[in-house]
Amino acid sequence: MAHFKEVTQQSGLHPKPAGLVLQYGTAGFRTNANQLDHIMFRMGLLATLRSKKTKATIGVMVTASHNPEEDNGVKLIDPMGEMLTSSWEGYGTQLANTEQEELLTTLKDIVEKEAIDMSHEANVFVGKDTRSSSASLSQAVLDGIKALGGHSKDYGLVTTPQLHYMVCCQNTQGKYGEATLEGYYSKLSQAFSQLAKNASNRTDDQKHLRVDGANGIGAIKVRELESHLKKDLQLSIFNDGSRGKLNHQCGADFVKVQQKLPIGIKINPGDRCCSFDGDADRIVYYYTDSKGHFHLLDGDKIATLISSFLKELLNEAGLDLKIAVVQTAYANGSSTYYLENTMKVIVRCTKTGVKHLHHAAQEFDIGVYFEANGHGTVLFSRGAEGKIQQLAADTNINDERKKAAFLLQNTINIINQTVGDAISDMLLIEAILAIKGMTVQQWDTIYSDLPNRQLKVKVSDRRVIETTDAERRAVTPAGLQDAIDDLVKKYKQARSFVRPSGTEDVVRVYAEADTQENADALAHEVSLAVYGLAGGVGDEPKPLH
Ligand code: 16G
Ligand code: MG
């Protein structure tokens, strides 16, 4: 086949360093940018095969999200805008690790196993973040697509969720929206302005939001959005990339993990602020109080705000739809308690990683999913969307139901259902706060987070830890879970779990308890148990105080 010949020739320009082994991780490949050229070329090949197989457009996003500037990575996007199906992740790993001379054989194996019709045309959308390495790496992706005879469209600089959106628009023949940036901004901003019409009189202060763009792509894109928003929302953008370094002491991951303000942001007590991560698929909110204390509103607080808003609207609309919130083990215990016992919504817990939450959320009429780190969105089933549209078109209903249906309709339009999207989440949160006339402090008091601590432990092989029950219990090594159970019993309102990271060579430890001191002490003691029972390397974990 002519294409295979082309692959052999072109792959020579993107050679694999012999012996280098990389895994398709939780969200694709991610490592130092100078190890990725061959990976990018090969993911161009894989995306082309995936497109031929699914007879649909596939996406390839070049980004390393919240990692440092020196890193890069790649995420593949399936036809409906969701992440690459897990059954193909293995092919990604195989293609990445096959030595140069075996590449063609590996490629042909995949073609055979998946019975791919190579004569079918292939279409791949490509996007990239602002890293200095992204330009040449996305060119390597384009080279891979071309080598296998696929067609590509290069969107250039876009956020990860924007590329997910484009793929979904393309494969739904425009039903989800128009596959352009202009289409994205106009769909979201129109929905926002419809929702904002229902807000009580807001002062300029209330319309004002400070955005930390992590010196990344989100900053550029939120500025593009700004011109579509008119005066409904006023944004001050910090860490916009003009000076600082990507993700360095700023961005959603920094703010969440360090529980403090990002560098370069100027705020007064009570000012509402949010941070995006490096590819704008995560968002967290925060403010400082009159004493200068920092308060974080993370993915759990966001899920609570959104789900209570939706639940109220469903009640007012008289619609009987099943709503659920999907979280991971990292969700603060107070949020789970509040959702289950006060709000009385169904709560599901899944393994870490967006694809797991996304799948679980698909099982409900309305599935709100958020990781505590700020990645999340809302999914509406086709049936639920149909009922909402039908109600909105019904002329025989009272004003209250009509208004609720209208708000639900615009909520659907403001949400990027393909994946968590900092820009879309930000607009939805701003709309809800405006409609409810709620300040960020009032939102924060819905429930109080239990003090918590996250630690890392280095072990010789983190795979010795296997977990069950959505990562909440360790099955191996023997004795570890019993040790954790005994330690947890020593503290009030305590909970702890450990899991091997999917993105770093460490074991992660999470603990929460009634006080920060107790959460810290429990996290430390559990770290010692991991170190002792799971092959710790280096110095023994030290107490935090
Ligand atoms: C990836 C995941 C994120 C998860 C994180 C966990 C996606 C798009 N991203 O960044 O959802 O929270 O990994 O990292 O799925 P860890 O396994 O190192 O704790
Ligand atoms: Mg990200």
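These legends describe close-up views of a predicted model. Local features are given at pLDDT of at least 70 and side-chain atom pairs at pLDDT 80 or more, whereas totals for chains, interfaces and linings use all residues. Residues are numbered from 1 along each chain as its sequence is written, chains are lettered from A and ligands numbered from 1 in the order in which they are written, and side-chain values use heavy atoms, with hydrogens and water left out.

**View 1. The magnesium ion (ligand 2) and its protein donors.** Ser65 (OG), Asp277 (OD), Asp279 (OD) and Asp281 (OD) lie 2.1 to 2.2 Å from the ion. Donors are N, O and S atoms within 2.8 Å of the metal (3.2 Å for Na, K and Ca); water is not among the atoms, so sites may look incomplete. The sequence spacing of the donor residues is S-x211-D-x1-D-x1-D. Helices (H or I, at least four residues) and strands (E, at least two) are DSSP runs, numbered from the N terminus. Ser65 is buried, with a relative accessible area of 3%, and Asp279 is buried at 0%. Buried means under 20% relative accessible area, exposed over 50%, and partly exposed in between (1.4 Å probe, protein chains only).

**View 2. The surroundings of ligand 1.** Ligand 1 is surrounded by 14 residues, and the closest are Glu371, Ser501, Gly502, Thr503 and Arg508. A residue counts as near a molecule if one of its heavy atoms lies within 4 Å of it. For Ser501, a polar side-chain atom is 2.5 Å from a ligand oxygen. Taken alone, ligand 1 exposes 450 Å², of which the protein buries 91%. Accessible areas come from the Shrake-Rupley method with a 1.4 Å probe; for residues, only the protein chains shown count as cover.

**View 3. Helix α6, residues 160–171.** From first C-alpha to last, the 12 residues of α6 reach 17 Å, close to the 16 Å expected at 1.5 Å a residue. The expected span is 1.5 Å times one less than the number of residues. Because 11 of its 12 residues are buried, α6 is largely enclosed by the rest of the structure. Among the buried residues are Leu163, Tyr165, Met166, Val167, Cys168 and Cys169. At the N-terminal end, Thr159 caps the helix through a side-chain oxygen 3.0 Å from the backbone nitrogen of Gln162. Gln173 follows α6 and has a positive phi, near 50°.

**View 4. Asp271 and its polar partners.** Asp271 is found in the loop between α9 (252–258) and β8. Its relative accessibility is 16%, so Asp271 counts as buried. The side chains of Asp271 and Arg210 are joined by a polar contact of 3.4 Å. A polar contact is a pair of N or O atoms within 3.5 Å; within protein, one must be able to donate a hydrogen and the other to accept it, and residues adjacent in sequence count only if both atoms are side-chain atoms. A polar side-chain atom of Asp271 also lies 2.8 Å from the backbone nitrogen of Asn268.
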